[in-house]
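Welcome, and thanks for taking a look at this one with us. Please keep the sequence and the 3D view open side by side as you read the briefing.

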Amino acid sequence: MVMNGENPGNGDRSDSAAGDGSPPVGLRERKKRLTYQAVSDAAITMFLERGFDKVSVAEVAAAADISKPTLFRYFPAKEDLVLHRFADHEDEAARVVTDRAPDETPLDALRRHFLDGLDRRDPVTGLCDAPHVLAFLRLLYGTPSLVARLHAYQGRSEAALARALGGRVPDRLAAGQIIAVQRILALENWRRIDAGESADRVYAGAVQATEEAFVQLRTGLEPPSQPRA
């Protein structure tokens with residue numbers, strides 16, 4: 001989850017080559033990205049101060065010194081002013097699967113990646129108590145229209161993962177379960193931190209919950225049989 005105002009589209013690069021084989025970014029594209037970031041930053045500042053529903057798109061456009069039609073060229077809906085910060089993560093699970101080592105299974109790669117995120121206190125795992133991240137997540141989870149819009153982002157993440165797994169019905173079923181598990185784990189971490197616990201305090205329990213969740217994914221949804229009394 002991008003929390004620092006980065007532009008979705010793999011981050012900002014300088015006008016020179018990025019050193020990774022990517023072509024240099026032209027001046028026009030760079031200006032577009034800077035405008036994108038400025039509009040989002042202005043919007044989120046206003047939303048945090050006054051609440052999402054109490055700020056109009058026209059006010060955001062005025063604060064960013066652009067017209068309302070121009071704003072909608074960057075952000076098709078008001079909710080996207082906030083939720084575009086998830087855009088870099090829409091295909092993250094798919095990338096993890098595609099880029100995994102030859103001897104690593106998709107599920108092992110996703111488990112490793114989520115555990116690494118916990119260790120780094122990545123906001124996408126819910127395990128981050130940085131004040132600006134907490135404020136952002138309170139805005140998100142406290143606004144029903146944003147939560148509803150978030151489901152569309154998660155749906156695209158699920159579809160991308162399903163394609164990376166092979167695109168068959170079993171792959172789509174697996175992708176749905178994996179994305180749901182990651183969402184539930186992140187939400188539980190966030191709820192504990194929002195209730196007042198620190199990320200460091202939640203960490204051990206978050207790791208254990210992650211390990212148990214991936215065991216359940218690997219072994220199936222049938223609970224272990226319990227001996228009869």
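Here is a short tour, from the whole chain to single residues.

This is a predicted model, so local features are described here only where pLDDT is at least 70. The protein chain has 10 helices and 0 strands. Of its 229 residues, 41% count as buried.

**Overall fold**

- Following the sequence, you will read the pattern α-α-α-α-α-α-α-α-α-α.
- If you take the contacts between residues at least 6 apart in sequence, 67% of them join residues at least 24 apart.
- The chain exposes about 12600 Å², and carbon and sulfur atoms supply 53% of that area.

**Salt bridges**

- The structure contains 14 salt bridges, and a few of them are described below.
- Glu 90 and Arg 156 form a salt bridge in which the closest N and O atoms are 3.0 Å apart. Glu 90 sits in the loop between α4 (80-83) and α5 (92-98), while Arg 156 belongs to helix α8 (residues 144-165), so this pair ties together parts that lie 66 residues apart in sequence.
- Arg 156, with a relative accessible area of 40%, is partly exposed.
- Arg 50 and Glu 59 meet through their side chains in a salt bridge, with an N to O distance of 3.0 Å. Arg 50 is partly exposed at 37% relative accessibility, and Glu 59 is partly exposed too, with a relative accessible area of 30%.
- A salt bridge also joins Arg 201 to Glu 197, with the closest N and O atoms 3.5 Å apart. Here Arg 201 counts as exposed at 62% relative accessibility, whereas Glu 197 is partly exposed, with a relative accessible area of 24%.
- Glu 104, Arg 112 and Asp 116 are linked in a network of salt bridges.

**Helix α10**

- How does the span of helix α10 compare with what its 21 residues should give? At 1.5 Å a residue, helix α10 (residues 199-219) should span 30 Å, and the end C-alpha atoms are 29 Å apart, which agrees.
- Where is the kink in α10 centred? You will find it at Gly 205, with a bend of about 25°.
- The buried residues in α10 are Ala 199, Val 202, Ala 206, Thr 210, Ala 213, Phe 214 and Leu 217.
- Just after α10, Gly 220 adopts a positive phi of about 105°.

**A closer look at Thr 210**

- Thr 210 is part of helix α10.
- Thr 210 has 0% relative accessibility and therefore counts as buried.
- Which residues is Thr 210 in contact with, leaving aside neighbours within four places in sequence? They are Phe 114, Leu 115, Leu 118 and Leu 185.

Notes. Residues are numbered from 1 along each chain as its sequence is written. This is a predicted model: local features need pLDDT of at least 70, side-chain atom pairs count only at pLDDT 80 or more; totals for chains, interfaces and linings use all residues. Side-chain values use heavy atoms; hydrogens and water are left out. Helices (H or I, at least four residues) and strands (E, at least two) are DSSP runs, numbered from the N terminus. Buried means under 20% relative accessible area, exposed over 50%, partly exposed in between (1.4 Å probe, protein chains only). Contact means heavy atoms within 4.5 Å. Accessible areas come from the Shrake-Rupley method with a 1.4 Å probe; for residues, only the protein chains shown count as cover. A salt bridge is a side-chain nitrogen of Lys or Arg within 4 Å of a carboxyl oxygen of Asp or Glu. The expected span of a helix is 1.5 Å times one less than its number of residues. The bend at a residue is the angle between axes fitted to the seven residues ending there and the seven starting there.
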